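Please look through the sequence and the 3D structure shown here before reading the report. Keep them in view while you read.

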Amino acid sequence: MRIIVPIKQVPETSKVSMDPVTGTMIREGLEAIVNPLDLYAIEAALALRAKCGGEVVVVSMGPPKAMIALREAVSMGADAAVLLSDKAFAGSDTWATSYVLAAAARKLGACDIIICGERATDGDTGQVGPAIAAWLDLPVVTYVSSIDPADGFMRVRRLVENGHEVLEADTPAVLTVVKEIGDPRLPTLAGKLRAKSLEIPVWAAADLDVDPARLGLAGSPTRVVKIFKPKVSRQCEKLAAGDEALTAVAVERLVHVLRHRELIP
Amino acid sequence: MTASVTHKGVWILAEQADGLVLRVSHELLTRGRALADARGTELTAVLIGPHMAEDQLQDIIARGADAVLAVEATELEHFLIEPYAACLLDLIARRRPEIILAGATTTGRTLMPFVAVKANAGLTADCTQLEIDPATGNLLQTRPAIGGNILATIQTPNHRPQMATVRPHSGPAAVAVAGRVGTIDRIAPPAASLASRVRRVDFIPQTDRCALTDAQAVVAVGRGIKKAANIPLAQSLADILGAALGASRDVVDRGWLSYSHQVGLSGKTVSPRLYIALGISGSIQHLAGMQTAQTIVAINTDPDAQIFQVADIGIVGSLFTVLPALIEAIRQSARLQPAPTVSPPQEGLPAAGGL
């Protein structure tokens with residue numbers, strides 16, 4: 001079985017703090033990490049390989065330093081990696097990104113399954129997985145929480161608003177997975193050594209069967225026209241509740257506000 | 001498909017479950033109506049599903065649509081990517097809308113990116129604000145990015161349709177107006193459109209009383225709840241408010257509640273009318289998932305906890321003493337004025353209060 005896992009390098013946003021004055025994230029010195037939700041995709045791929053045999057290939061589109069993310073995936077146990085890097089890819093929206101990732105999957109040849117993280121923690125769109133499926137004319141199942149391989153199809157659970165769907169997806173297919181799929185394994189020492197020495201090819205636009213007009217910012221249908229800070233319109237009314245009497249006063253005030261806003265009867 | 005005068009009209013993608021149109025569709029009708037009026041064009045609701053009762057479709061008209069296109073087949077009862085995409089793409093190719101909005105639901109966030117690629121259209125995810133640029137007539141799509149720390153406004157200048165998913169609860173639901181008229185077209189899709197390489201074989205409903213993303217109110221617990229045995233205390237507050245139970249990543253990682261309760265960057269994004277954070281410090285990761293709630297209440301022992309930065313009202317104290325008092329006070333309040341637990345959303349409330 002051949003499993004492809006597209007991953008993204010993102011800024012480490014979960015450990016940062018907020019500027020108490022402006023209410024925005026302090027971004028200086030942020031480390032670049034593998035998108036935390038992609039680790040679950042890597043884990044799902046490695047678990048599937050353990051059941052069915054085969055190989056796991058990780059692919060990332062990004063600047064040269066995204067090589068670090070690919071090496072981390074290899075240190076977890078991925079067999080091979082490819083970096084898609086070219087100035088022409090810069091500024092891609094999800095449409096143009098998925099176009100390049102799909103072209104890379106085609107170049108890699110026959111594969112049984114493509115597993116993506118649910119979304120990246122920086123862009124937060126969750127669009128790339130379904131979009132890759134569209135480019136490759138494959139079915140897609142999103143929000144997958146478990147994968148059971150069967151003969152010619154995968155039986156999967158899909159986490160939706162009110163429960164879990166049980167679906168059978170013919171392979172090849174694209175899946176995007178959620179955290180329930182299983183905790184990502186840690187890199188092993190042997191994996192780290194392998195990751196250090198593994199040759200990872202870099203494919204540029206010229207190495208892929210792509211239309212240059214569909215790449216990067218120029219090929220992206222959407223344009224960011226403005227970036228601004230959210231207005232901090234909330235003035236927190238802080239009530240101390242250090243003892244019983246203060247607690248009673250604070251609770252009374254809270255109930256008054258909730259009733260005034262028609263949030264409670 | 002490139003922008004041209006041949007693309008006309010605003011569409012919303014209505015969703016149904018068990019033959020009933022979902023509330024998120026009513027929110028889309030509010031958004032869609034405003035955009036259609038600004039463009040001087042018609043608002044059409046597209047509903048892909050099983051055969052729908054007439055009153056359900058009439059209700060969509062009453063809530064602001066000029067036309068309803070119901071693509072109906074028993075195979076369309078539940079969302080499956082290929083048939084839903086084939087039906088929507090067929091309508092887009094024949095009727096060429098200028099704008100398509102869908103809910104940022106599990107269905108919308110799967111269908112829209114798939115269709116946008118096939119339709120050569122631009123798509124913006126999880127918008128909290130939509131308006132028409134008076135100069136160009138383009139759709140201005142504003143969404144939170146980087147964990148809600150910035151807002152980005154995005155345009156699709158040269159491609160049509162312009163597609164966007166809209167965060168549930170980020171705006172008011174349209175109210176039905178008696179006597180509104182519109183057209184209803186029921187469309188039987190060709191058999192070829194119904195082929196699917198994915199089959200739905202079973203469904204396991206969530207045992208919890210209330211689904212997080214659909215909830216009007218959320219009571220969420222953080223590490224301050226101290227142990228799993230204390231969860232029922234938070235649950236009792238949730239029960240009297242008719243609220244869903246949410247959790248920080250800490251609580252889920254410790255196994256005190258399941259992942260389906262997790263709110264935040266690696267969990268669910270919610271925008272309820274009321275969010276009560278109990279013993280949650282307010283990491284960026286958590287704030288990203290809830291800061292667009294309309295009213296945020298925080299209870300925390302640490303006066304410097306980050307959660308207070310996004311809260312409207314905060315109580316600095318132990319949730320173990322505050323909560324019993326609060327539950328009793330809400331019960332008292334309800335006894336004085338018996339009424340529904342959480343009143344329906346009001347029109348004219350600001351969308352996404354935190355932004």
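The report below goes from the contact between the chains to a helix pair, a single helix and a single residue.

## Basis of the model

This is a predicted model, in which local features need pLDDT of at least 70 and side-chain atom pairs count only at pLDDT 80 or more, while totals for chains, interfaces and linings use all residues. Residues are numbered from 1 along each chain as its sequence is written, and chains are lettered from A and ligands numbered from 1 in the order in which they are written.

## Contact between the chains

Chain A puts 78 residues into the contact and chain B puts in 85 residues. Two residues are in contact if their C-beta atoms, placed from the backbone, lie within 7 Å. On the side of chain A that touches chain B, helix α7 (residues 244-260) of chain A gives the most, with 9 residues. That side of chain A has 40 nonpolar, 19 polar and 19 charged residues. Here Ala, Val, Leu, Ile, Met, Phe, Trp, Tyr, Cys and Pro count as nonpolar, Asp, Glu, Lys and Arg as charged, and the others, Gly among them, as polar.

## A helix pair across the chains

Helix α4 (residues 128-136) of chain A packs against helix α4 (residues 108-118) of chain B at an angle of about 40°, and their axes are 8 Å apart. Helices are DSSP runs of H or I with at least four residues, strands are runs of E with at least two, and both are numbered from the N terminus. The axes are lines fitted to C-alpha atoms, for helices over the stretch in contact, and angles run from 0 to 180 degrees between N-to-C directions.

The angle makes α4(A) oblique to α4(B). Angles under 35 degrees count as roughly parallel, over 145 as roughly antiparallel, 65 to 115 as roughly perpendicular and the rest as oblique. From α4(A), the contact involves Pro130(A), Ala131(A), Ala133(A), Ala134(A) and Trp135(A). From α4(B), it involves Thr110(B), Pro113(B), Phe114(B), Val117(B) and Lys118(B). By class, the residues of this contact are 8 nonpolar, 1 polar and 1 charged.

## Helix α3 of chain A

Helix α3 (residues 94-108) of chain A is mostly covered, as 12 of its 15 residues are buried (20 or more other C-beta atoms within 10 Å of the residue's own, placed from the backbone; exposed means 12 or fewer, partly exposed in between). Among them are Trp95(A), Tyr99(A) and Leu101(A). Just after α3(A), Gly109(A) has a positive phi of about 90°.

## Val160 of chain A

Val160(A) lies in strand β8 (residues 153-160) of chain A. Val160(A) is buried because 21 other C-beta atoms are within 10 Å. Leaving out residues up to four places away in sequence, Val160(A) touches Tyr143(A), Glu165(A) and Thr106(B). Tyr143(A) is 17 residues from Val160(A) along the chain, and their C-alpha atoms are separated by 7.3 Å.
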